Structure formats: C-alpha cells, structure tokens
Amino acid sequence: MVYPYELPSLPYNYDALEPYIDTRTMQFHHDKHQKGYVTKLNDALEKWPEGQKAPLLDLLTDPEIIPKHLRRAIVNNGGGTWIHTMFWRGMETGGGGEPTGELAEAIKKSFGSFESFKEQFTAQASAFFGSGWTWLVVKPEGTLHIMAAPGHDLPQKDGFKPILVLDVWEHAYYLKFQNRRPEYIKNWWHVVNWSYVTELFLKG
Ligand code: MN
C-alpha cells in the first residue's frame with residue numbers, strides 16, 4: 001500500500017461469510033467504514049509530505065515520529081485502514097474449526113487447550129467496554145497472549161506480533177445482532193481463517 005491509499009478490495013464476495021456474518025454488514029463495514037478511514041488517512045497525510053513516503057505500518061508502529069497535531073488522525077484512520085484489511089483476511093467461507101500443527105501446539109502450551117483459548121478470547125471480547133479490537137498476539141519470548149485494545153492502536157506498538165483479530169466496534173455487528181455482541185462472536189468463530197492465522201504465526 002502506498003499514498004494516496006485506496007480502499008483494498010475484500011478478498012471474497014460480500015455474501016461469502018453468510019449466514020454467520022451477513023452481506024449487509026459486510027457492505028457497510030467495508031464500503032462505508034473502512035472507506036471512511038482510508039479517506040481520512042489521505043486527508044491527514046496530505047498535510048505531511050514526509051509521511052506520505054513512509055510505510056503505513058512504520059507510522060502505526062512508532063506513532064512518535066508523526067507530527068503531534070496529525071498523530072491522532074493518522075493513528076486512528078491509518079489503524080482503521082490497516083486492521084480492517086487484516087480482519088477481512090482472517091475470515092473465509094467454510095472457515096472455523098481448529099488450527100493444526102505448530103499453531104495448535106502453541107495455543108495448547110499458552111492456554112492449556114484450544115477450548116480454553118476460545119473461552120478466554122470470547123470472554124475478553126465480550127466484556128471489552130466500548131469500541132476496540134481483541135487480538136491474539138505473539139509475545140517476543142514466543143508465548144501467545146490475548147489482548148483487548150481500545151480504538152485502533154496496534155499491538156506492534158508494544159512489540160507484539162498480531163496473528164488474529166476481532167472487530168468489536170458496534171458497527172461490526174449492530175445491523176444483524178444489535179446489542180448482542182456475544183452472539184456475533186459465537187458466529188465469527190465459524191468463519192475464522194486458520195490458514196491465514198497460521199501463516200502470520202509462522203512468519204518471522
Ligand atoms: Mn470495523
């Protein structure tokens with residue numbers, strides 16, 4: 001991705017995640033919400049030519065390099081641009097189930113079992129107050145860790161490598177599930193793209 005940023009296409013059709021994540025939510029979420037972040041990111045970068053040349057992830061990982069008056073706008077809208085793209089890729093038609101191989105081993109080692117990991121992730125995502133994201137990250141020492149973070153802050157900022165992310169902003173589920181976030185989360189598990197999560201886990 002380079003400036004001026006464009007809205008990345010979804011890696012599948014809007015209805016690909018039915019019946020778990022509905023078509024209308026995908027349309028609004030991608031075409032309106034993510035698009036809005038891309039547009040506002042470009043608006044902010046228009047005022048900072050140096051930042052236009054920097055890889056977006058570098059700015060989000062080290063926000064201190066962004067001029068103070070533009071920092072919030074770039075972190076919020078750049079984060080919204082970047083994280084949604086990871087979120088889309090982390091889902092697929094016919095997803096769900098459990099990971100295998102090294103990732104399965106790492107989950108077992110860090111959480112006891114896949115079931116226990118799923119319970120803990122669901123509990124944190126359900127209980128998280130306000131708008132944000134729930135992440136599965138790899139810590140520098142190699143263990144896995146669940147974290148819920150507000151807004152659009154990236155775990156890379158704290159030296160963690162994100163491998164799975166769930167959007168718990170209301171716009172991610174309100175059209176179909178209204179206030180029933182736990183039901184949305186339960187459905188989301190059915191579309192998790194474990195091959196993508198594994199790919200991120202194995203990547204250096
Ligand atoms: Mn969202």
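Here are a few questions and answers on a cavity and a strand in this predicted model.

User: Which strand supplies the largest share of the lining of the largest cavity?
Analyst: Happy to walk through it. The lining is made up of Met 86, Gly 90, Ile 163, Leu 164, Val 165, Tyr 196 and Val 197. The largest share, three residues, comes from β3.

User: How many charged residues does the lining of the largest cavity have?
Analyst: The cavity in question holds about 30 Å³ of space. Its lining has six nonpolar residues and one polar residue, and the number of charged residues is none.

User: Why is strand β1 described as largely enclosed by the rest of the structure?
Analyst: Good one to check in the viewer, one face at a time. On one side Gly 132, Thr 134, Leu 136 and Val 138 are buried, and on the other Trp 133, Trp 135 and Val 137 are buried as well. β1 is therefore largely enclosed, as the buried count for residues 132–138 is seven of seven.

User: Which residue in the turn between β1 and β2 has a positive phi?
Analyst: β2 (residues 144–150) is joined to β1 by seven bridges in the antiparallel sense, with Trp 133 opposite Ala 149. The two strands form a hairpin with five residues between them. The turn residue with a positive phi, about 100°, is Gly 142.

Key: Residues are numbered from 1 along each chain as its sequence is written. This is a predicted model: local features need pLDDT of at least 70, side-chain atom pairs count only at pLDDT 80 or more; totals for chains, interfaces and linings use all residues. Side-chain values use heavy atoms; hydrogens and water are left out. On a 1 Å grid over the protein atoms alone, a cavity is a set of points where a 1.4 Å probe fits but cannot get out, and a pocket is an open set with protein on both sides within 12 Å along at least five of seven lines; lining residues have an atom within 4 Å of a point. Grid points are joined across faces, edges and corners, and a volume is the space filled by probe spheres set on the points. Helices (H or I, at least four residues) and strands (E, at least two) are DSSP runs, numbered from the N terminus. Ala, Val, Leu, Ile, Met, Phe, Trp, Tyr, Cys and Pro count as nonpolar, Asp, Glu, Lys and Arg as charged, and the others, Gly among them, as polar. Buried means under 20% relative accessible area, exposed over 50%, partly exposed in between (1.4 Å probe, protein chains only). Two strands pair if DSSP finds at least two bridges between them.
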